[in-house]
Every structure is written in C-alpha cells, then in structure tokens.
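I opened the notebook to look up charged and aromatic side chains. The entries follow in the order I made them.

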Amino acid sequence: MYHQTGPTRSRPALKTKSRNSLLQIEKIVCLAIISLTNAASIALLSPPADARSLTSRPVVGSSKSSLKLTKPDFLATSISTNGNTYSLPPTGRDLKQRPTDVQIYERDTTPLGDRSPFLMVHGLRGEYQPAFRWQKLQDYLTKSPAFNTRYKIYTMRYSSLDRIGFNLDSYKNAFARLYDNCQQRPITVLALSMGGNLAYEAMTDKTIEAKTQRLFTFGTPFHGSPLFAGEWLDYSIYRRFSFPWTRVERKLTYQFYFRENKQLRDDLSWDNVDNAIPNPGKFRSLLPLGPSGELTVGNTTNERLIQVNERPVDKRKLVTYGGYMLNPYLARRDKRILESPFLYPFFAFFTSFPAHFGREHAALSLINKDMSCVQTTKEVEQKAGSPFIYVLNDGIAPLSSAIFLPKEAAREQYLAFENDVEKLKNKVDVGQARVFRNIDHLTFIGSKPKTKITAALHFPLKDELNPQDQPREMFAWILDDVLAPGGNNDQVTGRLADGKNATTVKGTRVKVAPAR
C-alpha cells in the first residue's frame, strides 16, 4: 500500500501493415454493431437526461486507437430502485489509469431497496488495487444477513497521489449525489488511513456532516504523523544513528519515497497537538548526503491540519480504530541494549532487506521503529517518563493521532508505555475509540504479513482501551460496530460494546453491540 509503484504503460506490440488494416476493418464492423447495441440499451435502460449519475468519467488521453472496442453500457452498469445507474468497480487495465475525479461505484447489482448506503473510502494507492483493497472485508460483511438487510455497499475511488484539497470538492459533490440518489438516507462511511482524513475534512462542511450517519476510520492520522514531517524526521535520524553511512542510507530511503509522495508531507505532517516538536535549529551530518537542515517548531508544525481540526464537527459520529506494533523500544533499557546486537541479523534479514524490496509489512515494521525514536523536548521526555513518546504506532499513524485524541489529553497523557492506553479511557471525545495491540496499518483490511515478526496474524484481538471486554477477530469488531446503533444521538464514550447480543456469520457466532 505504501510502497507500490504507480500505474505503468506497456508498449504496443509491433504489427505488419496488412494485419493493421484487417484489424481496423474488424474494429469498424464491431464498433457499428456495438453502437447499435448501445443505442438499444440506452433507450431501454438509461435514466432520464436530467437524472444524476455516479458513473465514472471516461479515460482520455490514451495513446491507443480511437476505435478501441468497449463493452456495451448495460454490461458495465446496473439499475437501482430509483432508476439511476451506478458503475461496477473497474478492473484490469482500467485500474492502472490515474483518476482525475472522485468516482463512486456499487459493489454489486442488487437494488438498494429499503437499505442505507455504506460507503468505503480507500487509503494511499488503493485506487490501483482490485476492489480498492476492500475485497476481504466486503466478503466478510456481506456474509452477515443483518448487514445485508441494513446496508448496500458503495466504494469510492479518488487520486490519493494528489493533495486532499484537490479531491475535496469532488468528494463532497459525489457524496451529495449519492445521498440524493439513495433517497436522502444518511450515509455510513468506512475509511482507511488518509481516506479518513478526506472524509473527515469533508464533514467540516455542515451539509456533508448532516448527510453522514457515522464515520469509521482505521489508522487515520487525524493529527498527522511525525513520519511525514521532513526536517523532524531528518533530525531524528541524525541524532539516533551513530555511523554516518547509516544516516545516509536511512535519509536517502525516505527522500526517494517522499519524492513520489509529496502530498503526504504537504497534508499530513504533524500538527504538534502534543507540543512535542523540538526546536534545535540547524544540524548537519558529516557526509554530504546525510541528514541536514533546520528544525524549528514554526517550520514543522502543520498549520493547515490545525485549522481543519479546529472546525466544529460532531465527533460523536466518529468511530476511530488505532493500533500499535511491538518493538524493542517497549522493553526496559537494559534488556533492549543487551538483545539488540544479537537480534540485529534477524531484523535485517526479515525486516530491513524485505522493506527495501517493497514488502509492505516489512516496511511498516521498519518505519515503526524509526517513528518510535523520533526526538522530542526534554520537558516532554520527563513528563512521559521515556524518550520514545511515539512508540505506540502502527507504522504510519501514532496511536494518539489514530484515535483522534483532543489537544488537552494529548498534552497531558503521552503514550510511551503500553499501560498508558487504559489511562485514555475517559479522555477521548469521539463516539467510540478502539485500540489493538500488535497489529500494523494494514491489519484493518485483512492483509497478513509473510512472517509473524512484523504484525499479529488474524486471531481474537483484545481492545486495550477496555481490556475487560471479550476479544474478537478484527473483522468481527468492525461488523459489531457497524451493526450497533450509532449517530449523533449516542453518548460520547470510549467504551466497548459488552457483546450481549449476537448474530451469526457463516456458522460463526459474532457479538453485536447493544445500544448504550
């Protein structure tokens, strides 16, 4: 997800002149037949001219011939109860095209009926993946009769390689059309990572907030991430690593990555909600390619994100999921110093090398350790009782950012130890917050690592914010929350469901949260 390359184009095969002429004739004949078929299908199946459509706009600028064969419209679309057509998600080569607008698709062709819309918004580079990386979770949810009775799934595709501001107006327009086309029923939104930032910023518009039933977010960096704060990350690399060549290697690794993902640093650098950014000024490595720069609070704090988070939003509509990975910086200092030299070959073979070859979970594990060592001020270090104030992170978002801690709580309670999590129970101001141990940023969507050292596999997970509640698998937690009563009338709480109600998903008993 975070180390995949963008779309690529393949070279057309060379053909002889005579073969090209024959193919052009065939295409003309086929195009004429398909045009007649399309005309008939439009007359029979298409909505009135003034009906609002959520179909994707065609891809332009292709180097291929204008006589490209296409499927008739009725093979790519279906009819909903109110007569509007919705495209099915793109597949194959269509996924390689970078979207120029926000597009909404329906998962299947079943009518909306009496159900409500359930919109899934992907994270970074999800637009290039089948089902936008939601396939496993969609399969699980749709096995629940209770879910299918209540919701119809729609998915959103947008360009995650562009800034949030580029997509924001298009998101709101597409969202409003979906609301109207679904008989003005409030929309439940489920978003991964930066998709949650896009959905939440849209909710700062009161017209969009009113149309939103609830917003579920998984690993969304509401306060940004120190990982995306360039000078701060460079300074931390400079202070952490003793050998100059190690500094150069890590500096260049992040430099190349963020050269392809500039929007992350522009939109999602840290907003200094916890007042933890240090102010050392200029720094310089011994080698020319090593980390160097000038770190100040003023040139590092994400003012844009502060403004977004200061806008009034009913945060009771939010259900925020956060997680953290286990790493050596959670251990005592003497144990960490003793074990690190012996474990380094193991770490290099299973984590460092795979990370440089684009293995997602290995990369998240590597980033997890680097984020744990981000430098802070002496005052914050003393208050937290440890220099590792971001040790609880999922490889992208610190826990305090993922569960959207308010400023007062973030500056009062730093998360430098695992037992700090329970202290947050009465400090969250979202509708519900959950915290899971030993998972990474992709566990929320069912992605499994190749080895057990990078993240927990799918097994019953305990919510560390409320450890007295019954553990469940990740998808069971999600289903429970989705089926639980929610919205702007719910009490603000970080509490879990007690699981006294239940439903069944393919022979498995799944707890359903009762009303509070």
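**Entry 1: E201 and R304.** I started with a salt bridge between the side chains of E201 and R304, 2.8 Å from N to O. The two belong to distant parts of the chain, E201 to helix 6 (residues 194-203) and R304 to helix 12 (residues 303-310), 103 residues apart. I noted that the model is predicted. E201 has 7% relative accessibility and counts as buried. R304, at 24%, is partly exposed.

**Entry 2: K152 and E106.** I searched the whole structure for salt bridges and got 21. One of them joins the side chains of K152 and E106 at 3.2 Å, N to O. K152 is in strand 5 (residues 151-157) and E106 in strand 3, so this pair ties together parts 46 residues apart in sequence. I then checked accessibility: K152 is buried at 1% relative accessible area, and E106 is buried at 1%.

**Entry 3: D463 and R434.** I looked up the salt bridge of D463 with R434, whose closest N and O atoms are 3.6 Å apart. D463 lies in the loop between strand 11 and helix 18, R434 in strand 11, and 29 residues separate them. Both residues are buried. I also recorded a network, made by salt bridges that share partners, of E106, R107, D108, D139 and K152.

**Entry 4: R185.** A polar atom of the R185 side chain lies 2.8 Å from the backbone oxygen of G113. R185 is placed in the loop between helix 5 (164-181) and strand 6 (187-192). Leaving out residues up to four places away in sequence, its contacts include L112, S116, P117 and Y179.

**Entry 5: rings.** I searched the whole structure for aromatic pairs and got 24. For Y321 and F444 the ring centres are 6.4 Å apart and the planes stand at 65°, so I logged the pair as edge-to-face. Y321 is in strand 10 (residues 318-324) and F444 in the loop between strand 11 (432-437) and helix 18 (474-483), so the pair ties together parts 123 residues apart in sequence. Y321 and F444 are both buried.

**Entry 6: charges over rings.** I found the charged end of K315 over the ring of F404, 3.8 Å from its centre. The charged end of K211 sits over the ring of Y179, at 5.1 Å from the centre.

How values were computed. Residues numbered from 1 in each chain as written. Predicted model: local features only at pLDDT ≥ 70, side-chain atom pairs only at ≥ 80, totals over all residues. Heavy atoms only, no water. Phe/Tyr/Trp six-rings, centres within 6.5 Å; stacked < 30°, edge-to-face > 60°. Helix = DSSP H or I, 4+ residues; strand = E, 2+ residues; numbered from the N terminus. Buried < 20%, exposed > 50% of the residue type's maximum accessible area, 1.4 Å probe, protein only. Lys NZ or Arg CZ within 6 Å of the ring centre and 35° of its normal. Polar contact = N/O pair within 3.5 Å; in protein donor to acceptor, adjacent residues only side chain to side chain. Contact = heavy atoms within 4.5 Å. Salt bridge = Lys/Arg side-chain N within 4 Å of Asp/Glu carboxyl O.
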